[in-house]
Structures are given as C-alpha cells and as structure tokens.
Amino acid sequence: MNTVPRPPQAQAAVPQSLAEALAAVFSTSAQVPFSARLVGFTKALIPQSRAWVITFDAAGQPDAHPADDVPDAGMTLAKQALPPDAKPVLTEATFMAAKIALDTGQDAALVVELRGEGQAARALTHERLTLLARLSIATYRSETVDLLQNLLRFFAELGQSAGTQGPDLQSLSDMMAAFFSAEYAAVSRFDGQKVHDLHISGQAQMGKGARVATELKSSMAETARLRLCEQTRAFTAEPGQQDGLVMHLAAPRRNASMLPFLAASAGKLAPHAARRGVNWRAWARRSALVGVLCGVAFVPIPDGVSLPATVAAVSHRIVTSPLDAPLAGLDVRAGDRVVAGETVLGRFDTRALDLELIAAQASYSRALLDRERARAGRLAADLRTAELEAERVLADIALLEARKETAVLMAPISGLVIGDGLGDMTGALMRRGDLVLEIADPSAMELDVSVPQSQVAKVDLGQAGAFRPDFDPSLRFDTQVVSISPAAPSGQRAPLFPAQASLSDAAVDTLRPGMTGVVALDRTWRPIWQVVGRGLRDWVLLRLWV
C-alpha cells in the first residue's frame, strides 16, 4: 500500500505511507484526542465502514466516540471483547471488535461495522483490526500493567474461594515470589497477638517439616504490630481490625514498589486470617441439610406415562344405503339396542322401484308374445332373438325384486345404534353407499390411544395399565396395549402414533363408545434424581445442543 487516507488531524499533511499514517495516529504530541484519531484512521483504512471507540465505567455505562447511536449488536460485541480471556478480534455478521489500549492505559473496544461484502473484505478488516489492537497495547500499556491485572485477578479468585479455612496462603506466597522475582516470599496470619500459619514460597511439599528462622518470625510479628506497609514487607487488614495477613519479600528485584498497593488490594482476604476455629454447629446443619437432600433424591417415585384415549367398540358396523331411493323412515334412534337379523332399522320409498318393476313385467309379456309369434311362423332367427330378450327382461325383474327386498334395512349385528340427527333423515334422497347409521357391539370394548413421539419409547406391546374415564376419574378399568402403529398419520403438526389397548369385561356395563379418558400404563419405580435428571438431560440435548 503506497498511500492511506488522511487521519482526522486538523491542518495535517497528507501521509505518504502506512508507517507515516500510523505514526500520526499514535503521536504523543497530537492535539486531536487519540480516540478521534483512531476512529478516523480506522474508517480510512477499512473502506465502506463505520467505527467507534467504546469504553465502560464501573457501573457498566458505555461511553462511545463518536457519540452518535451505536447499534445494539455493536455495543454487545464491545462488551464481549473486553474480558481478559476474550479473543483478539471478535466477529459477527456485520460487526467486528478488538480490545485496544487508550493513551491513558484504559481498555477500550474498537468496533467496526462492515458495509462491504465478500470474504476478502472481512479478512482484510480482521487483519487491520489485529494490527491496530497490537500497536495500541504495545504503545500505551506496559507489561507491568498486565502483570498487575493478573495479580489482582488472582486476589479476586482467592477471595471467592476462601471459606472458613481462609485463602490458600501457600499459593499466594508462590505467586508473589514469581511476580516480584524474589528469592522467596512469605505470608502468615496475625491474630492480634502472634504470627502463625506461616507459608514460604517453594515449600508446599515440605509440610510441617518446614522451618523458618527466628529472625523472620520476629520481623513479621513486628510488621504486624507496627502495621507497616513498605516495599519489602506489609501488613493488611480490614479497617479497625487487629487480625490480618503479613507479607514479606526477600531481595525483590523488580516492581517492589507495588507491594503496598497489592497489600491494600488483598485486604478483603484479611478477615479470614484469625478464623482458625471451625464452626461445627454450622457444619452440622449444612451436613444434615445435604443428607436430607441426598435422601430425598433417592426416594423412588413412579416413572410412567399417561396418554389420552377414546373408548371404541371392537365389533363395529357401518350401515349404508343399498339403493338410490328416498328414505321413508327410520325405526330406531341413537342408543337403541338392536338384534342381528331381527330388528328393522328403517325403510326406503320403493314407489319408483315398483314402477320399474311393472314396466319390466310388461316388457317380459311382450317378449313372450314375440317368441310365440316367431315359433308359429317358424322363424328361427326371430325366435332366438325373442327368447334372449325374454331372458334379459326376466333378469331385470329379478334384480328389481332383489332391490325391493333390500329396501327394508335389517340390523347386520347386535349392538347399540350410533348416529347424530337420525330423525332428520326421513325423506332424504339416499345414494347407494351413503351412510345411514352405525351399530357398535358394546359387549366388547377397546381403547384408541394416541401416543406422542416423546413417549413412544415408554410404550410396549403387552404393557398393562389402567384407564380412568373423564366423566368419573374415580373409576378404574384394567387395560393392556395390544398394538402400536409403526408410523404416524401425515399432516399432523405434533406426530401422534395410534395404538390400541384392550379393556376388561367390567367396562361393558359402564363405558360407551366415544367416551374419553386417560390411560396410565404401569410404571417403573425409579429414584427422584434419575427421573428429574433424565428430563433435564433431554431438555439440554434438544434445546441447547451440547
């Protein structure tokens, strides 16, 4: 690249190279604020883009340059770029963000909104954001600041993990020795009278065999009594408290001036220094609570499945119209009990059939007359034609008589009549095959069960259970799964697999086809933790895809 658009410096000469442009942006003598210079340079360096420098105060309130509205996606990406463990450059569909250091040493996020398209443009933006981030951190923040931030983070983690036994002083002493490049670091507790629980860096494996010179113990006790805070030794405690932590360094080689500051930062750990005793009563209460929770978790509960079901008759017959004729009337109503071959269900109007039958009989008489004439005249061809015509008409008469016999509907099976609005059908013109009514045999019942796909694995052939009808849930009828469909009907939003279950003979006198209820299949008793844990596991796998 030979030339770069001019960064936002008032009355400044146009830079002739990238190096010259970068020097102008990171110049310590420039009059324009660094954020403004960086934003202008970024927009010139990355064509067709918008850029912001965003910082956050202790309360999490953002401060952006320029001050115009920052898109929500850009603000969110800026927050994600600032944590210590964040990636150097974060990318989103139309935004990229990188953590930079301002000229004050404060962390900020440089956010860029991409307006160009294509993978090459995104790769170029990523590369240039990485360059600006490294240059700003190398220019405005020293290695010491990073080390200090790591140390403060370590103190925060110690404070969170410290229990009644206090912080891990051995880890604290080892960390201090490494940070200050000291020959050793020592940390001890002071309970207001004497020093105890002394830890020296590098002695984590020595246990009680570790020995410290009497002079060191005396020096640390003096530091605590005088509440000193110097470059090589410091005492830290909460305001007004006598107990605290004593920290000593031997031959520090660098950053020794930071010890007082670190001692003040570690003050939150000091209240744990004098807590050598264990609150056994509190531990007993906690242990009892944990024991009760564990005991409850192992209490067995029934792990089964409840499914919606509808009562249906095993023997079921649909009665349809046997001919094209008006329905003269029905002799039964819904709920009537009928007997197979004996009970008349209804009758059809046969007047049209009677007229057809009379016409057919007249045609038969003419055919017989023609046959006799042909026989008398000894006309063999006419005789054969007349005989065939007579046979045809005779077959039509037999068909019409058979249809007339079917005009009276007889019950095909014994059972109960099912149907709505049967009284309104009188006089209606019925076509052959039209539904007239239904008959169900109540002497044998079964259940039509709908099984959701989430419960299919819990339903097996032959599995026993109980059916409770909606009209009286106090009733209970034994049932058993007899069939499960291998496929769900198409067109359903939530797939339901049809299944059938048998009913005991005791249900005949109480249940009727069409009644609804719930089938509760026999359950396996499992501990609470297993039932709850399985449900939570399935939810996590299906919803979070972990």
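**A look at Leu-216**

Reply: Let's go with Leu-216, which sits in helix H7, the run covering residues 214–226. Bear in mind that this is a predicted model.

So, buried or exposed? Leu-216 has a relative accessibility of 12%, so it counts as buried, the cut-off for that being under 20%. As for what is around it, once you set aside the neighbours within four places in sequence, Leu-216 touches Tyr-184, Ala-186, Ile-200 and His-248. Take Ala-186 from that group: 30 residues separate it from Leu-216 along the chain, and their C-alpha atoms lie 9.1 Å apart.

Now zoom out. The protein has 546 residues, and 35% of them are classed as buried. Its fold has 12 helices and 25 strands. Of the contacts with a separation of 6 or more, 66% link residues 24 or more positions apart. The accessible surface is about 31,300 Å², with carbon and sulfur atoms making up 54% of that.

Strand S4 (residues 95–101) has the highest confidence, with a mean of 92, while helix H5 (residues 143–161) has the lowest, at 60. Then there are a couple of stretches to handle with care. Residues 1–12 stay under 50 in pLDDT, yet the model gives them 28 contacts beyond four places in sequence. Residues 205–210 are also below 50, and that stretch has one contact beyond near neighbours in sequence.

Conventions. Residues numbered from 1 in each chain as written. Predicted model: local features only at pLDDT ≥ 70, side-chain atom pairs only at ≥ 80, totals over all residues. Heavy atoms only, no water. pLDDT = per-residue confidence, 0-100. Helix = DSSP H or I, 4+ residues; strand = E, 2+ residues; numbered from the N terminus. Contact = heavy atoms within 4.5 Å. Buried < 20%, exposed > 50% of the residue type's maximum accessible area, 1.4 Å probe, protein only. Areas by Shrake-Rupley, 256 points an atom, 1.4 Å probe, with all protein chains shown as cover.
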